[in-house]
Amino acid sequence: MKYRKLNRETRIRRSILASLTKDCINYGYVVTTEARAKEVRKFVDKMITYGKDGSLVARRNALAFLHNDKDVVKKVFDELAKEYENRDGGYTRIIKLNERRGDDALEVRLELVK
């Protein structure tokens, strides 16, 4: 699987991706840079797919990735899985915003599709 390194060490990159994934699931959206959003989208979609599966193995995989945040995993398996049960992927969208002041990085809004 091809992935972006985001100029970070592996452990820091995984932590950033897990945190952004948790925030996107909790709040329904997250504002970040375009490269990070494109990378996080894969993990948000994977977590919702785990929720739709509903097995114990899927729940444990989600817990492992999301740093044992049981509230987020419960939301994925109980709420989001039911909301997206008739949808075969494409649970997120990226909306481009403007450049960030300071470093001119393109900011985007990654949100769950309702």
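Student: At roughly what angle do the axes of helix α1 and helix α4 cross?
Tutor: In this predicted model, helix α1 covers residues 10–27 and helix α4 residues 70–83, where helices (H or I, at least four residues) and strands (E, at least two) are DSSP runs numbered from the N terminus. Axes are lines fitted to C-alpha atoms, for helices over the stretch in contact, and angles run from 0 to 180 degrees between N-to-C directions. The axes of α1 and α4 come within 10 Å, and they cross at roughly 45°.

Student: Which pLDDT must side-chain atom pairs have in order to count?
Tutor: Residues are numbered from 1 along each chain as its sequence is written, and side-chain values use heavy atoms, with hydrogens and water left out. This is a predicted model in which totals for chains, interfaces and linings use all residues, local features need pLDDT of at least 70, and side-chain atom pairs count only at pLDDT 80 or more.

Student: Which orientation class describes α1 and α4?
Tutor: Angles under 35 degrees count as roughly parallel, over 145 as roughly antiparallel, 65 to 115 as roughly perpendicular and the rest as oblique. With a crossing at roughly 45°, α1 and α4 are therefore oblique.

Student: How are helices α2 and α3 directed relative to each other?
Tutor: Helix α2 spans residues 34–53 and helix α3 residues 56–65, and their axes come within 8 Å while crossing at roughly 150°. Because of this angle, α2 is, relative to α3, roughly antiparallel.

Student: Which residues of α3 make the contact with α2?
Tutor: The crossing of α2 past α3 is left-handed, a term for a near helix turned anticlockwise from the far one by less than a right angle, with clockwise giving right-handed. On the side of α2, the contact is made by F43, M47, Y50 and D53, and on the side of α3 by A58, N61, A62 and F65.

Student: What is the strand order of the open sheet?
Tutor: Two strands pair if DSSP finds at least two bridges between them. Strand β1 (residues 29–33) is joined to β3 by five bridges in an antiparallel run, while strand β2 (residues 92–99) pairs with β3 over six bridges, also in the antiparallel sense. The three strands therefore have, by these pairings, the order β1-β3-β2.

Student: About what angle does the direction of helix α1 make with that of β1?
Tutor: The edge strands β1 and β2 each pair on one side only, and neighbouring strands of the sheet are turned by 25° against each other on average, direction ignored. Helix α1 packs on this sheet by touching β1 and β3, and its direction makes with that of β1 an angle of about 145°.

Student: What is the relative accessible area of D104?
Tutor: Strands β2 and β3 form a hairpin with six residues between them, and G102 in the turn has a positive phi of about 110°. D104 is found in the loop between β2 and β3 and has a positive phi of about 60° although it is not a glycine. Most residues other than glycine have a negative phi. D104 counts as exposed because its relative accessible area is 60%.

Student: What relative accessibility does N7 have?
Tutor: N7 is found in the segment before α1, and its phi is near 55°, a positive value in a residue other than glycine. N7 counts as exposed because its relative accessibility is 76%.

Methods
Contact means heavy atoms within 4.5 Å. Buried means under 20% relative accessible area, exposed over 50%, partly exposed in between (1.4 Å probe, protein chains only).
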